[in-house]
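Subject: Structure for you to look through

Dear colleague,

Please find the structure we talked about below.

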Amino acid sequence: MKPYDVAIIGSGLGGLASGVMLSREGMRVCILEQQAVVGGCFQSFCRRGYRLDTGIHYVGSLEEGQTMYQYFKYLGIVDRLNLQRLDEEAFDVMCFTDGMRYAHAMGYERFVNRLSEAFPHERAGLQDYCRKLQQVGGLIKPDVLRSGVLSSGGMEYMGLSARQEIADSIRDERLRNVLAGNNLLYSGLAKKSSFYEHAMINHSNIEGAHCFVGGTQQVADALVEEIRRHGGDVYTRATVTSIHLEGDRVTYLEINGGEERIEAKEVIAAIHPLRMLELLENNTIIKRAFFSRVRALENSFGLFTTYLMMKPGRWPYQARNYYLHNTSDVWNRQADYRGCNISTVLLCMQPDEARRSTEVITLLTPMPYEMVARWEESRTGHRGEEYEAFKAHYAACITAFAEAFFPGLREAVAAVEVASPLTYRDYTATPQGSAYGIVKDYHNPIVSHLSARTKIGNLFLTGQNLNVHGCLGVAVSAAVTCSELLGVEYLAKKIGHA
Ligand SMILES: Cc1cc2nc3c(=O)[nH]c(=O)nc-3n(C[C@H](O)[C@H](O)[C@H](O)COP(=O)(O)OP(=O)(O)OC[C@H]3O[C@@H](n4cnc5c(N)ncnc54)[C@H](O)[C@@H]3O)c2cc1C
C-alpha cells in the first residue's frame with residue numbers, strides 16, 4: 001500500500017482533530033485506534049438502554065464567535081452538534097455541607113453580580129480576578145487566530161499558582177473556595193496547579209458552557225465522517241504495538257503485534273507520551289534520561305465515575321453542574337484517601353432529548369490509584385468478586401453522599417453503573433487511569449509542558465499531555481501539532497477565518 005502522508009495513533013479528540021486538520025489540507029491521513037469504537041474520552045456506551053458518556057460532561061467557549069466554537073466550525077462539525085447551553089444564572093453550583101450554595105453565572109458581568117450578592121465586600125476583588133481570567137483566555141481567542149497566531153503567549157501564567165492568584169485578588173476564605181470549588185476539573189493540587197490551567201478552563205466555562213445532548217460520541221463520529229470525506233482512513237481494533245525507527249526517522253508502525261504494517265511519512269502519537277516511548281523500537285535517538293524524565297512526571301488523579309440511570313420522568317433536568325463539598329478547604333482532599341469518607345463530588349445531569357427530565361446523573365470523584373492498584377494486573381470484566389464488591393460499596397457511599405445534598409435522589413435511580421481509574425486505564429491506555437494526564441506543575445512549567453516535536457524527525461506528539469487537557473485544550477494542542485506540518489500562520493488564519 002502507498003505510504004500515508006500522516007499516520008495518527010489514537011482516536012481521542014487529539015487524534016481525530018489532527019486527522020481533520022491535515023486531511024482537509026490535502027494530506028492522506030489514517031487514524032489507528034486500539035478500541036472497537038472511536039473517541040477515547042469522547043466515547044459513549046450503552047447499558048440497559050441508557051447512553052453513558054465516559055470523559056466529557058461539559059465544555060466551554062461554545063457560543064458563536066468563541067474559541068471552541070471556532071475550532072468546531074473549522075473542523076466542519078459545529079452545525080451537527082446537539083448542544084444544550086447551561087443555565088446562564090448558575091452553570092456551576094458550589095455546595096457546602098453547612099447548607100450554603102453559590103452559583104457561577106455565565107458572562108463576566110453576571111458572574112461578578114451573582115457572587116457579589118453573597119460577597120458584597122469582594123466586588124472589586126472579583127473584578128480583578130475576572131480581568132486575570134480574561135487575559136489568559138484571550139491568549140487563544142479567535143482574533144488571535146485571525147492574526148496568524150495559535151496562542152499569543154502564556155508561559156508567564158503557567159508559572160503562577162492557581163491558589164495564590166485567587167488569594168491575591170480575594171480576601172474572603174469562603175469566596176476563594178467558591179472560585180476554586182470546581183478544581184476537580186484540573187485535578188486541583190494546592191502546591192502544583194497553575195493559574196494558566198485554572199484560567200483557561202474557568203474562562204471558557206464563564207464565556208459559554210454547554211453540554212452535549214444524546215452523548216459525546218456524536219463529536220467523535222462527526223470528526224470521523226469529516227476525515228473520511230477528505231479521503232482519510234479510520235481503523236478501529238488497530239493497536240499500534242511498535243513504532244519502528246531507522247536512524248532518526250519512523251519507517252513504519254506495527255499493528256496488532258505484526259498483523260499489519262502501516263507506512264507513513266509523518267507520525268503523530270495522540271496518546272500518553274510514556275506509552276509512545278514504550279512503543280519505540282530500534283531507538284538510538286531519544287536518550288534514557290528523557291525516558292526517566294517522562295516516567296518521573298506525575299499524572300493527575302483518576303476519577304471514579306458512578307452513573308445513576310434514572311427512572312423515566314422522575315428527575316427534572318437542570319442545566320447545571322453541582323460540586324458537592326464535604327470540606328471547607330477545596331484544595332484539601334485528604335478525606336478521599338480514607339475509603340468512603342468522600343470530600344468532593346461533581347454531579348452532572350444528562351438530559352433527555354426534550355431537555356425535561358434527567359436520564360443519567362453522573363457522579364465524579366477523585367480516586368487515587370493506590371485504591372485500585374491491587375487489581376492492576378486484571379483486565380476490564382475479569383477483575384473478580386472482591387473488585388466488584390469494592391466498586392458497589394464505593395458507588396453506594398458516593399450516592400449516599402449526594403443524597404445528603406439532594407434528598408430523594410436514590411429513590412429515583414433505576415440502576416447503577418461504575419467506572420474506576422482501572423477502567424479508564426484499559427480503555428484509553430493512560431497510565432494509572434489518570435483523568436487528565438501529566439500534571440502541569442507551576443513550579444516547573446518547562447519540564448511539565450511537553451513539545452509537539454520529538455527528537456525523531458517525523459514523530460510528533462499531541463493530545464491532553466501537551467498544553468491544557470479537556471476539549472478546548474486538546475483542540476488547541478492538535479492545531480499546535482498540525483502547525484508543525486502546515487505552518488502556524490497558515491493554519492491559525494484558516495481556523496480563525498473558518
Ligand atoms: C472522567 C473524565 C471526565 C472528564 N470531563 C471533562 C469535561 O467535562 N470537559 C472537558 O473538556 N474535559 C473533560 N475531561 C478531559 C478530556 O476528556 C480529555 O482531556 C480529552 O478528551 C483527552 O483527549 P486525548 O485525545 O488527548 O486522549 P484520549 O481521549 O485518552 O484518547 C487516546 C486514544 O488513544 C488510543 N490509544 C492508546 N494507545 C493506543 C495504541 N497503542 N494504538 C492505538 N490506539 C491507542 C486510546 O484507545 C484512546 O482512544 C474528562 C476526563 C475524564 C477522564
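Predicted model: local features only at pLDDT ≥ 70, side-chain atom pairs only at ≥ 80, totals over all residues.

Residues are numbered from 1 along each chain as its sequence is written.

Pro 351 belongs to strand E17, residues 344-351 (helices, H or I with at least four residues, and strands, E with at least two, are DSSP runs numbered from the N terminus). Leaving aside residues up to four places away in sequence, Pro 351 touches Gln 84, Val 213, Tyr 317, Thr 358 and Glu 359, a contact being two residues whose C-beta atoms, placed from the backbone, lie within 7 Å. Between the C-alpha atoms of Pro 351 and Gly 215, which are 136 residues apart along the chain, the separation is 9.9 Å.

For the chain as a whole, the secondary structure comes to 17 helices and 20 strands. Its radius of gyration is 22 Å, close to the 23 Å that the globule rule gives for 498 residues, so the chain is as compact as a globular protein of that length; the radius is taken over C-alpha atoms, and the rule is 2.2 Å times the number of residues to the power 0.38. Of the 498 residues, 51% count as buried.

Helix H2 (residues 67-74) is largely enclosed by the rest of the structure, because seven of its eight residues are buried, namely Thr 67, Met 68, Tyr 69, Gln 70, Tyr 71, Phe 72 and Tyr 74. Among the elements covering them are helix H5 (142-146), helix H9 (195-208), helix H16 (470-486) and helix H17 (488-496).

How do two packed helices get described? The angle between their axes and the distance between the axes are used. H2 and H17 pack at an angle of about 100 degrees, with their axes 8 Å apart, the axes being lines fitted to C-alpha atoms over the stretch in contact, and angles running from 0 to 180 degrees between N-to-C directions. That makes H2 roughly perpendicular to H17, since angles of 65 to 115 degrees count as roughly perpendicular, under 35 as roughly parallel, over 145 as roughly antiparallel and the rest as oblique. In this contact, Gln 70, Tyr 71 and Tyr 74 of H2 meet Lys 494, Ile 495 and Gly 496 of H17.

The axes of helix H1 (residues 13-24) and H16 come within 9 Å and cross at roughly 45 degrees, which makes H1 oblique to H16. Among the residues that meet here are Ala 17 and Ser 18 in H1, and Ala 478 and Thr 481 in H16.

Thr 481, in helix H16, counts as buried because it has 27 C-beta neighbours inside 10 Å. Not counting residues up to four places away in sequence, Thr 481 touches Ser 18, Ile 268, Ala 452, Phe 460, Leu 461 and Thr 462.

With best wishes

Terms used:
Buried ≥ 20, exposed ≤ 12 C-beta atoms within 10 Å, placed from the backbone.
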